[in-house]
Amino acid sequence: MSERDGSRATGQTAPAPGAGGGAAGAGRARHMRPSLALLRKDLLLERRAPESVPAMLLFSLTAFVLFHFGLDRDTLSGSLAAGVLLVTLLLAALLGVNRLFVSEYEEGGFDGVLLAPIDRTALLVAKAAALFLFLVLVEVVAVPAFGLLLLGPSLWPALPGLIGVLALLDLALAAVGPLVSALAIHTRARDLIVPIVALPLLVPALIGAARAAAPLLAAGGAGGAPAKWLAVLALYDLVFGLLAFAVFDFLLED
Amino acid sequence: MDEAPPAIELRGLARRFGERWALADVSLSVPAGATLVVFGPNGAGKSTLLRVLATLLRPHAGEARVLGEPLPAGDWAVRGRVGLLGHDALLYRDLSARENLVFHARLHRVEPARVERLLGETRLGARADDPVRTLSRGLLQRVAVCRAVLHDPPLLLLDEPRANLDPAAAALIEPLIGRASGRTRVITSHDPAGGLAEADLALGLRDGRVALLAPASEIGHDAIEELYR
């Protein structure tokens, strides 16, 4: 067969079995390189034509203003403060989840990725990482804004514990978000499917995060986040992370 | 005698969308290095055939072997050895031509120098850093050709590859996707003269079924035109 040797002609980097860290290292590299390429592309697209982060941030700030007037209270604390903050961030995250695969779907990125000799879970890892980073960016502005607009007790004592709770919640959203987005992207009612599917799945994560955050935002000084609820959140992240790895491939089948 | 296995071998291949069969009972063999041109009216199944060969669609019946690998079991081995140039450019509109090609080069583990070489060969250098949404259809097609051949695939699947290209641009991409490239090619076309001139084999599809299959040298233009009546 007169097949051309593509790797030599194009300078394709051949994998080096047994080199460096051995099989495990080669396996990690096989997953990480395409994931990083996809993540870098997503971040570049968001920087070039900002869509998700500004929308999520604007939604969060607007929701805080609405809560401020709608609840007719100057300050919130404890479980009410935790509920307002976390539900707002969760709903804002859905805007990002909705947009997660739009560029892939509308500009042929799915085909581009499926034609490449890479593991499809690289796409899951990249999208989860992108959503996580978008959420962190939004929270860097939205959480201090929440402290100024709504929170009664000072935000600063609660901040270290709150960062831990938000990180675990963001991981939950990053695990569930790409799954739901990939499921919804091929449907005409994408905007409806995402909240309908994602919100019930995220109820346990929200309960865990709210219970963990409530003592942190309590009046009269921040208590510690209950370890039990942090463990529930971490377990949720683990289970849905594994679930996402198990089923993501099937969502990309034609 | 040449014992090389065919680059493409289909036996009773079928693919449906819902209840409608887009391809039915397609059987053919394309030797390595040969060119198959596919004719047929809109909706005849040409693009579906290319997408099945590219592993983007699974066959629903029959057997398909591409580059020696059975589909869909051997999808993994075929990916990365196929260059698809479809109706969609598979490029991100807000990224530049260079950024798009570098992104695909990373996915295919191709050295960045290859990107620069292709941009030079297709004379895209001056517009390489402009977002592709600002490029004309012809320039966009040139970038799409660069993407399709970036990893130097042995099999090219080309859906009307010279659409939107002026004669000078068509000449520019000829070394990359033309017969001189030495690759096995499957080309869809609506141009009997041009299609037959560069093909070894011609396939005519109508309603997803094979209406014509013969060496290109044995087929007249009138047989192709009959497909469209």
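**Figure 1. Four strands of chain B form an open, antiparallel sheet.** The strand order is β2-β1-β4-β5. The edges belong to β2 (20-30) and β5 (69-71) of chain B. Each of these two has a single partner strand, so one side of each is left without a neighbour in the sheet. On average, neighbouring strands of this sheet are turned by 30 degrees against each other, direction ignored. Like every view here, this one shows a predicted model.

**Figure 2. Strand β1 of chain B pairs with β2(B).** Strand β1 covers residues 8-17 of chain B. Seven bridges join β1 and β2(B), and the pairing is antiparallel. Look for B:L10 in this view: B:L28 in β2(B) stands opposite.

**Figure 3. Chain B is assigned two domains.** Domain 1 is made of two stretches, 1-81 and 154-229. Domain 2 runs over 91-152. The C-alpha centres of domain 1 and domain 2 of chain B lie 25 Å apart.

**Figure 4. Domain 1 of chain B touches domain 2 of chain B.** Eleven residues of domain 1 are in contact with eleven residues of domain 2. On the domain 1 side, the largest share comes from helix α6 (residues 167-177) of chain B. Helix α6 gives five residues. By type, the domain 1 side divides into eight nonpolar residues, two polar and one charged.

**Figure 5. Chain B meets chain A.** Here 38 residues of chain B are in contact with 31 residues of chain A. Three elements of chain B each give two or more residues to its side of the contact: β6 (82-85), α3 (97-107) and α4 (112-121). The most comes from α3(B), with five residues. The residues on the chain B side divide into 19 nonpolar, six polar and 13 charged.

**Figure 6. Two helices of chain A cross.** They are α4 (residues 78-99) and α8 (residues 159-184) of chain A. Their axes come within 10 Å and cross at roughly 35 degrees. The crossing of α4(A) and α8(A) is right-handed.

**Figure 7. Side by side: the residues where α4(A) and α8(A) make contact.** Helix α4(A) brings A:L86, A:A93 and A:V97. Helix α8(A) brings A:L169, A:L173, A:G177, A:V180 and A:S181. Six residues of this contact are nonpolar and two are polar. No charged residue takes part in the contact of α4(A) with α8(A).

Definitions and conventions
Residues numbered from 1 in each chain as written. Chains lettered and ligands numbered in written order. Predicted model: local features only at pLDDT ≥ 70, side-chain atom pairs only at ≥ 80, totals over all residues. Contact = placed C-beta atoms within 7 Å. Nonpolar A, V, L, I, M, F, W, Y, C, P; charged D, E, K, R; others polar. Domains from an automatic or database assignment. Pairing = 2+ DSSP bridges. Axes fitted to C-alpha atoms, helices over the stretch in contact; angles between N-to-C directions. Left-handed = near helix turned anticlockwise from the far one by under 90°.
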